[in-house]
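Please read them with the coordinates open beside you.

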Amino acid sequence: NPNVASIGCDSQEGYDLAVKHLHKLGHRKIGLISGPPESYIMQARYNAYLNAMDKYGLEINDNYIGTGYFVSESTRKYIPKLVEQGVTAILFSHDIRAISAITECKDRNIRIPQDLSIIGFDDLPMTEYTVPSLTTIRQDRISLGKCGYYALNCLLNKVPIGSIQLRATLVVRESTGPVPKKPVSNAEL
């Protein structure tokens, strides 16, 4: 449709950067907790996770993936399930889920990043103030706004454009660390 444009952040690039970072830290079992796959952006991030895992030769296992509508229910359900599977790092489809996971881990005495590494997506302003501060994939909100203005201006002036993908960057903070020497046991959960 020449009257529609989309603006977004390159999920593939973001998850490539995140998986590469975790791989360098020694992580081989990397999970994903995401929103419902019916959402376009959640589907894009799910596919980006699969592609990044494949790119780095890491096991893609359905048991390492959890999806759900409600943030706190998803983290409560999937954090222990993934840890029991031996997952040592988890990617999240957005920062709110990752922040919820930090709280869930704290309640279960799972130390971040000593026992489990966590990476969010978006780089919301609050992420640098979580304890520990959240490693995340940044979407440049100011650039998204500028591109949105550009796209709207093009469409209003009958210049058909398709989609604009902004580059993603990885912001490394305190929620990621080397793979743990001893995995968390079921008794500890």
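**Notes on the model**

1. Ser143 is partly exposed, with a relative accessible area of 24%, on a scale where buried means under 20% relative accessible area, exposed over 50% and partly exposed in between (1.4 Å probe, protein chains only). The residue belongs to helix α5 (residues 141–156), where helices (H or I, at least four residues) and strands (E, at least two) are DSSP runs numbered from the N terminus. Ser143 and Gly8 are 135 residues apart in sequence, yet their C-alpha atoms are 9.9 Å apart in space.

2. A word on the basis of these notes: this is a predicted model, in which local features need pLDDT of at least 70 and side-chain atom pairs count only at pLDDT 80 or more, while totals for chains, interfaces and linings use all residues. Residues are numbered from 1 along each chain as its sequence is written, and side-chain values use heavy atoms, with hydrogens and water left out.

3. The sheet is open and is formed by six strands in the order β3-β2-β4-β5-β6-β8, with mixed pairing; two strands pair if DSSP finds at least two bridges between them. Because β3 (65–67) and β8 (169–171) stand at the edges with a single partner strand each, one side of each is left without a neighbour in the sheet. From one strand to the next, the twist averages 20 degrees.

4. Taking the pairings in turn, β2 and β4 are parallel and share four bridges, with Ala89 of β4 as the bridge partner of Ile30. The strands β5 and β6 also run parallel, joined by four bridges, and here Phe121 stands opposite Ile137 in β6. Between β6 and β8 the sense is antiparallel, over three bridges, and Thr136 stands opposite Val171 in β8.

5. Beyond its neighbours within four places in sequence, Ile118 is in contact (heavy atoms within 4.5 Å) with residues including Ile90, Phe92, Ala98, Cys105 and Leu134.

6. Ser117 lies in strand β5 and is buried, at a relative accessible area of 0%. Its side chain and that of His27 are joined by a polar contact of 3.4 Å, a term that covers a pair of N or O atoms within 3.5 Å, where within protein one must be able to donate a hydrogen and the other to accept it, and residues adjacent in sequence count only if both atoms are side-chain atoms.

7. The count of disulfides is zero, a disulfide being a pair of cysteine sulfur atoms within 2.5 Å. The closest cysteine sulfur to that of Cys9 is in Cys147, 11 Å away and therefore too far for a bond. Cys9 is buried, with a relative accessible area of 7%, and Cys105 is also buried, at 0% relative accessibility.

How values were computed:
Axes fitted to C-alpha atoms, helices over the stretch in contact; angles between N-to-C directions.
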